[in-house]
Amino acid sequence: MAGSCFKTRLLSLCDYKTEKYIVAKNKKVGVLYRLIQLTIVGYIIGWVFLSKKGYQETDESIQSSVITKLKGVSVTNTSDSGLLVWGPEDYVIPPQGEAVLFVVTNFLETPNQKLGYCAESSKVVDGHCQSDTDCREGHTIVAGNGQMTGRCLGGDANSTGTCEIYGWCPVEKKYKPQRALLANAENFTIYVKNFIQFPKFSFSKSNVLETSDESYLKTCRYDDEVHPYCPIFRLGDITRRAGYNFQDMAIYGGSVGVMIDWDCDLDKGYSQCHPQYHFTRLDTSVSNRSVAVGFNFRHTRYFKHHTGEIHRSLFKVYGVRFNIMVHGKAGKFSIVPTAINVGSGLALLGAGAFFCDMVLLYLMKQSTSYRERKYEETRQSKGASQDNSMEERRNSTDLTKLNE
């Protein structure tokens, strides 16, 4: 008996069970079902496969190297600095060329400073005084230019003076520039050489045209239609593409982002992987009311006087800071993401059938009739119940005899 039951259960594993389908002659639900199917199929084909290339394996871990070089010469003539010639080694910081570089467009010079005693700048509020007691000896101010000596220069009960300091004298002049001294920096050119690699696909490329013509880089200028592989940009064109006038930015400086985007479909071949350039200004807010607009910093040039004293010239430089950022991804056909997205689409089609079932079961007027046909209840017959009771009594009797 037990062996027969086990055999029956074992053989039942080889049975194939199929679903029972009911055809509902309801045009509204039928049209809804077809619309859902078309929507899902359109989503899978149009969005997942064509737009998002869901059949591809992607690599977004781009490896990049950026090398920059500037060219251009400018001449300035001021009362403090005299006649100066500015080359790339003077106005490019750092001069070796990196992904972030600064180009000087304006400057204020305080020449021939030397260590000594002088009055603090009147622009330093904490350096104002009316008597010596306001100048604590040995004290330094965060925004000041040196160490206080304890003396108040030019101060009395009726007027305000400034504390004497020991520092680099004379102190820096505090005034705002009115025009850009290196105005022709607009015509300087920047050479941006970019190498990228996608390690997953062992793919590498450069943004420089692969040509044997040595004169190409000497004559070309970047143009997204004519010369998309010319990596030489005019500074004025960069700020114009970012939506700003170079001369306005050159007075107080600014920050510009140069984004190189590599979106490569490797199924189309090596020649179809192109760099796309985007330019934006980074030091502005939406309202354009920020007091932080512009970019400047200070640096010095030291030299020894014929008397042996160390002198320096202090430069407050304004200019444009360029941030070169590289982004990218590459895609190539793979059976794994294709199978996953096809399976997801089939699952969505099943979800459409489930939604239409819910409509028929709970939202239609004939929902009761549909439920009766979809779900069948089976009840055990009276004769079968009696047979089962007799079988249970027989088994009980056999068990009692066995125990005796």
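View 1. R234 counts as partly exposed at 25% relative accessibility (buried is under 20% relative accessible area, exposed over 50%, partly exposed in between; 1.4 Å probe, protein chains only). This is a predicted model: local features need pLDDT of at least 70, side-chain atom pairs count only at pLDDT 80 or more, and totals for chains, interfaces and linings use all residues. Residues are numbered from 1 along each chain as its sequence is written, and side-chain values use heavy atoms, with hydrogens and water left out. R234 forms a salt bridge with E186, the closest N and O atoms being 3.7 Å apart (salt bridge: a side-chain nitrogen of Lys or Arg within 4 Å of a carboxyl oxygen of Asp or Glu). E186 sits in the loop between β9 and β10, and R234 in strand β12, so the pair ties together parts 48 residues apart in sequence. Strands (E, at least two residues) and helices (H or I, at least four) are DSSP runs, numbered from the N terminus.

**View 2. D237 and R240 in helix α5.** Their side chains meet in a salt bridge, 3.6 Å from N to O. D237 is partly exposed at 26%; R240 is exposed at 51%. Salt bridges that share partners join E186, R234, D237 and R240 into one network.

**View 3. R281 and D283.** This salt bridge spans 2.7 Å, N to O. R281 is buried at 13% relative accessibility, and D283 is buried at 14%.

**View 4. Surroundings of I238.** Leaving aside neighbours within four places in sequence, I238 is in contact (heavy atoms within 4.5 Å) with I190, F233, V256, V258, F279 and F322.
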